[in-house]
Structure formats: C-alpha cells, structure tokens
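Welcome, and please take a moment to look over the sequence and the structure below. We will then walk through them together.

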Amino acid sequence: MSRAARRSRARSKVIQALYQWQMTGQDVSEIEAQFLAEEEMDDVDVEYFAALLHEVPSDLTTLDGYLDPYLD
C-alpha cells in the first residue's frame, strides 16, 4: 500500500478518534491506545495518526480561529 493511502487511512481514523475525544472528554493518549488495540490499523500510518491526534487538541484555539470567520 502506498504512503499516501496509509496517510489517508490515518486521517480517517483521526477523525473518528477526535470525535470520540470531543464527545467523551477522554484523554487523547487513552484514545490512541484504544485505537491501536481495538481498531484495524495495519494499513494506517500509525506515526502520522498519533501526531495528528495529539497536535489537533493542542492547537484547538488556533484552528477555531481559522474557522470562526465562516461561522454564523
């Protein structure tokens, strides 16, 4: 499987993991461990998945600032 395909799958898994984080307030490290143990991650760039999963919550204020002008 190509690197691009593995990264695409990682982004899909990150969306699921971030949704879980947002809905439950669970620690992202716990969510990461859960995904690695319970989800099919063979065709996923796991390092990229982990980087995105940890970076998005830490940059949430900045990301919200980018989206704010487009919200009502």
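**A walk from surface to core**

Leu60 is partly exposed, with a relative accessible area of 33%; here buried means under 20% relative accessible area, exposed over 50%, and partly exposed in between, with a 1.4 Å probe and protein chains only. Before going on, note that this is a predicted model, in which local features need pLDDT of at least 70, side-chain atom pairs count only at pLDDT 80 or more, and totals for chains, interfaces and linings use all residues. Residues are numbered from 1 along each chain as its sequence is written, and side-chain values use heavy atoms, with hydrogens and water left out.

You will find Leu60 in helix α4, residues 60-67. Helices (H or I, at least four residues) and strands (E, at least two) are DSSP runs, numbered from the N terminus. Together with Leu63, Tyr66, Leu67 and Leu71, Leu60 forms a nonpolar patch on the surface, and the accessible area of these residues comes to about 500 Å². Accessible areas come from the Shrake-Rupley method with a 1.4 Å probe, and for residues only the protein chains shown count as cover. Patches are made of residues with over 30% relative accessible area and no salt bridge, where like charges are joined within 9 Å and nonpolar side chains (Val, Leu, Ile, Met, Phe, Trp, Tyr) within 5 Å.

In soluble globular proteins, nonpolar side chains tend to be buried together. The largest nonpolar core here has eleven residues: Ala10, Val14, Ala17, Leu18, Val28, Ile31, Phe35, Met41, Val44, Phe49 and Leu53. Two or more of them come from each of α1 (3-24), α2 (28-38) and α3 (46-58), and α1 gives the largest share, four residues. Such a core is a set of buried Ala, Val, Leu, Ile, Met, Phe, Trp, Tyr and Cys residues joined through side-chain atoms within 4.5 Å.

Next come the charged pairs. A salt bridge is a side-chain nitrogen of Lys or Arg within 4 Å of a carboxyl oxygen of Asp or Glu, and by this rule there are two. In one, the side chains of Arg7 and Asp45 meet at 3.4 Å, N to O. This pair links distant parts of the chain, 38 residues apart: Arg7 lies in helix α1 and Asp45 in the loop between α2 and α3. Arg7 is partly exposed at 25%, whereas Asp45 is buried at 15%. Lys13 and Glu39 also meet through their side chains in a salt bridge, at 3.1 Å, N to O.
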